[in-house]
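Here is a friendly walk through one model, feature by feature. Keep the sequence and the 3D view open as you read.

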Amino acid sequence: MTRIVVGPFNRVEGDLEVTLEVKDGVVAEAWAGSPLYRGFEQILRGKHPMDALMFAPRICGICSVSQSMAAASALADAMGLAPAPNGRITRNLAHAVENVADHFTHFYLFFMPDFARAEYAGRDWHARAAERFRAVRGAAAADIMPARTAFLAALGTLAGKWPHSLAIQPGGVARALEASEKIRLFGLLRDFRRHLETVLFNDALESVAALDSAAALARWAADKPRGDFGAFLGIADDLVLERLGRGVGRFISYGNYPQAESQFLRSGVWDGKLHALDAQAIAEDISHAWLEGEMRHPAQGVTRPQDEKAAGYTWCKAPRLAGLPMETGALARQVVNGHPLARDLVEHGGGNVKSRVVARLLEIAVILPEMEKWVQQLAPGEPFCTQGELPSEASGAGLVEAARGSLGHWLSVADGRIANYQIISPTTWNFSPRDSDGTPGPLEQSLVGTPAGEGNVAVQHVVRSFDPCMVCTVH
Amino acid sequence: MNERTEPFSMPASFNLLWLQSAGCGGCTMSLLCSGAREPTAALEAVGVRILWHPSLSEESGEEATRILERCAAGELAVDALCVEGALLRGPRGSGGFHRHAGSGRPMMDWVKEIAQAARYTLAVGSCAAWGGVAAAGENVTDACGLQYEGDQPGGLLGANWKSRGGLPVINIAGCPCHPDWVTETLTALALGAFGGKDLDSFNRPRFFADHLVHHGCTRNEYYEFKASAHKPSDLGCLMENLGCKGTQAHADCNIRLWNGNGSCARGGAPCISCTEPGFEEPGHPFHETPKLAGIPIGLPTDMPKAWFVALAALSKSATPKRVRDNAVADHQVVVPAVKKTGLK
């Protein structure tokens with residue numbers, strides 16, 4: 001038995017350190033450590049409630065719109081305010097641009113470069129993967145970075161800038177779109193679609209979104225070269241990535257993209273069957289975090305650092321739903337929403353390195369065509385922002401889906417000031433430490449059985465398959 | 001940078017090391033939106049070679065720690081050390097709120113050591129420059145910038161610190177900073193075209209800090225007539241009621257633009273002066289303009305109060321109906337009149 005500490009993890013957002021107990025060349029036990037504390041929940045106390053709109057996006061540079069959406073939703077909840085339809089659609093568009101761009105960035109810049117590593121030099125696909133995906137110098141970067149930048153220009157129009165926009169408001173957005181901008185946005189989406197359909201999928205987005213089983217995906221990939229997604233599927237088969245990083249088998253999604261009557265992606269919990277989400281059953285355990293206090297629902301949560309706590313090994317709390325760790329992310333979202341391909345992948349292999357990556361790219365193909373519809377529903381000339389008053393005593397919750405999964409903000413206001421503000425970010429769920437029962441978090445469980453040691457990058461694949469965002473985790 | 005006439009000197013290589021401390025990663029994300037060019041390729045074209053960047057490089061774990069050790073020991077030359085995020089000195093001066101993964105060593109110690117070896121050190125974003133959002137509230141983490149703590153010189157490296165290249169920490173402030181502020185500063189350094197005279201009194205590159213956010217603001221006609229917005233999504237000027245500091249904040253956001261065609265004000269949001277030290281604690285809610293006897297406390301830079309009051313009274317009395325009505329609507333309710341004769 002040897003204990004190794006792995007870190008820093010490059011190409012994850014923020015700082016991550018994983019401690020591994022290795023026996024006979026595989027991980028026997030793992031501990032996920034977040035070695036940075038920033039204290040947003042302490043910073044927000046005592047501030048004017050609307051100041052949350054300034055601070056929240058700055059929790060995270062990669063999912064800042066998601067953080068804004070959660071803050072604006074929590075404030076709207078506290079105000080009893082429903083956004084104007086144009087505001088709702090514009091927010092959905094801004095949020096979807098970020099989420100889609102995040103999946104795209106993760107695939108090309110964070111996940112695929114590991115296959116260019118020298119450790120894989122013996123594989124048939126290595127030379128091509130190295131030429132295309134090598135970190136910084138791969139050919140893909142020259143292709144995809146301008147496309148990404150052009151796509152993110154949608155956020156210049158929708159929200160002024162990205163990241164850290166102040167345009168997202170409880171009642172909608174601070175910026176009404178003009179008819180010409182509606183045209184511009186539609187054009188930007190079509191342009192990005194063209195890029196995805198040629199470079200990433202070599203197929204229509206609708207055909208990718210319609211894949212309904214693992215077998216259909218395999219047939220599709222075998223039919224003809226399928227762009228960079230096809231390259232990943234080939235590598236995934238060769239390395240049997242569907243056996244790597246098996247998760248806890250329980251998936252949570254808060255649902256996303258509110259429509260007039262419902263959400264485009266539904267909320268729920270999947271453990272082989274679909275259950276309604278009971279947000280009251282969420283609680284954060286802090287037995288192994290360098291924090292004081294006890295397990296609480298986030299509406300009553302407390303954040304007080306205690307760096308000398310012997311049982312602590314991270315600044316990350318351990319969120320649990322009805323006492324159980326949950327996996328969250330694109331795979332969870334698509335499984336809960338009932339996508340047949342996601343359901344089939346999970347039924348036959350659970351959450352794993354391959355199914356997590358497939359779900360992200362599948363979600364791009366599902367969401368982008370919807371965004372084209374949403375743009376067309378905008379009605380310039382009609383209101384984009386409803387106004388409301390914030391009571392001096394109030395509470396609210398904002399539950400949204402960031403690219404990486406379920407993101408919740410819980411706010412209480414007393415005497416016109418923020419009395420408490422608690423945040424549970426997606427990676428807090430996925431990279432949570434052990435709880436007081438000693439149950440490890442989702443990543444910690446997923447790493448067990450993973451080959452580890454000199455020259456083995458399997459641990460890197462498992463970690464990155466979750467697309468962790470540590471800066472969110474350690475808000 | 002502005003007045004040089006000598007030719008640029010293309011470096012054989014100009015090594016860049018990027019470290020992330022207590023921040024959100026937003027300045028890196030912003031950098032990746034750098035115009036039509038792929039930013040790392042654009043930097044490489046002027047000789048900038050990335051030794052390591054936490055979001056972009058291949059090396060992880062021990063390989064990455066080894067690079068940092070070699071940089072600190074001077075075995076690997078660092079021409080530019082870019083630090084993103086505030087430096088956390090707490091708790092109790094230990095730096096324990098941020099230990100760099102894998103080494104268990106406080107990030108502030110890594111930064112101090114490598115800054116001594118680097119030719120130039122750059123604070124990328126307001127957290128690294130002044131402490132920024134990380135230092136808000138009671139500053140429980142004891143966050144500071146590389147060479148400032150808010151607007152006070154000092155910070156992690158001390159007020160009189162200079163890099164081996166003879167410059168103080170270059171503060172590319174902003175929350176986040178604009179991608180071109182980073183690439184253009186690095187390009188100028190690499191080409192030998194950046195010196196002490198190119199920094200303003202807060203050591204920000206003057207090419208963006210010598211402008212005000214107000215310059216190029218599309219709401220200028222509303223500003224001229226003091227036709228003000230009252231609520232989010234109104235078209236009017238955001239200065240009088242909604243907290244906008246664009247007439248005081250040093251940056252070229254409305255000239256250079258963000259993500260193609262945006263800026264905070266163009267997105268309907270006030271400028272919160274995120275390039276200024278201490279912006280995170282303005283002493284008032286961000287969405288409200290603090291006033292004394294109905295007059296904004298924060299008057300435009302270089303403008304005496306009496307002038308502002310007189311001008312505001314005059315311009316308010318002369319506001320065209322079009323400007324007055326549109327200021328409190330979310331789309332133009334009165335469009336500019338079309339003149340029937342040729343313009344003169």
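Gly408(A) stands opposite Ile424(A), a residue of strand E15(A). This is a predicted model, in which local features need pLDDT of at least 70 and side-chain atom pairs count only at pLDDT 80 or more, while totals for chains, interfaces and linings use all residues. Residues are numbered from 1 along each chain as its sequence is written, chains are lettered from A and ligands numbered from 1 in the order in which they are written, and side-chain values use heavy atoms, with hydrogens and water left out.

Strand E14 (residues 405–414) of chain A is joined to E15(A) by seven bridges, and the two run antiparallel. Helices (H or I, at least four residues) and strands (E, at least two) are DSSP runs, numbered from the N terminus, and two strands pair if DSSP finds at least two bridges between them. The order E13-E14-E15 (chain A) makes an open sheet of three strands with antiparallel pairing. Strand E13 (394–402) and strand E15 (417–424) of chain A are at the edges with a single partner strand each, so one side of each is left without a neighbour in the sheet. From one strand to the next, the twist averages 15°; axes here are lines fitted to C-alpha atoms, for helices over the stretch in contact, and angles run from 0 to 180 degrees between N-to-C directions.

Three bridges pair E6(A) with strand E9 (residues 268–270) of chain A in the antiparallel sense, and Ser253(A) stands opposite Gly268(A) in E9(A).

Val240(A) is in the loop between helix H10 (227–238) and strand E6 (251–253) of chain A. Val240(A) counts as partly exposed because its relative accessibility is 34%; buried means under 20% relative accessible area, exposed over 50%, and partly exposed in between (1.4 Å probe, protein chains only).

## Helix H13

Helix H13 (residues 353–377) of chain A has 25 residues and spans 37 Å from its first C-alpha to its last, close to the 36 Å expected at 1.5 Å a residue. That expected span is 1.5 Å times one less than the number of residues. Of the 25 residues of H13(A), 22 are buried, so the helix is largely enclosed by the rest of the structure.

## Aromatic rings

Tyr120(A) and Trp125(A) have ring centres 5.3 Å apart and planes at 55°, so they are tilted. Both Tyr120(A) and Trp125(A) are buried. Ring pairs link them into a cluster with other residues, including Phe104(A), Phe107(A) and Tyr108(A).

How values were computed:
Rings of Phe, Tyr and Trp (its six-membered ring) pair if their centres lie within 6.5 Å; planes under 30 degrees apart count as stacked, over 60 as edge-to-face and the rest as tilted.
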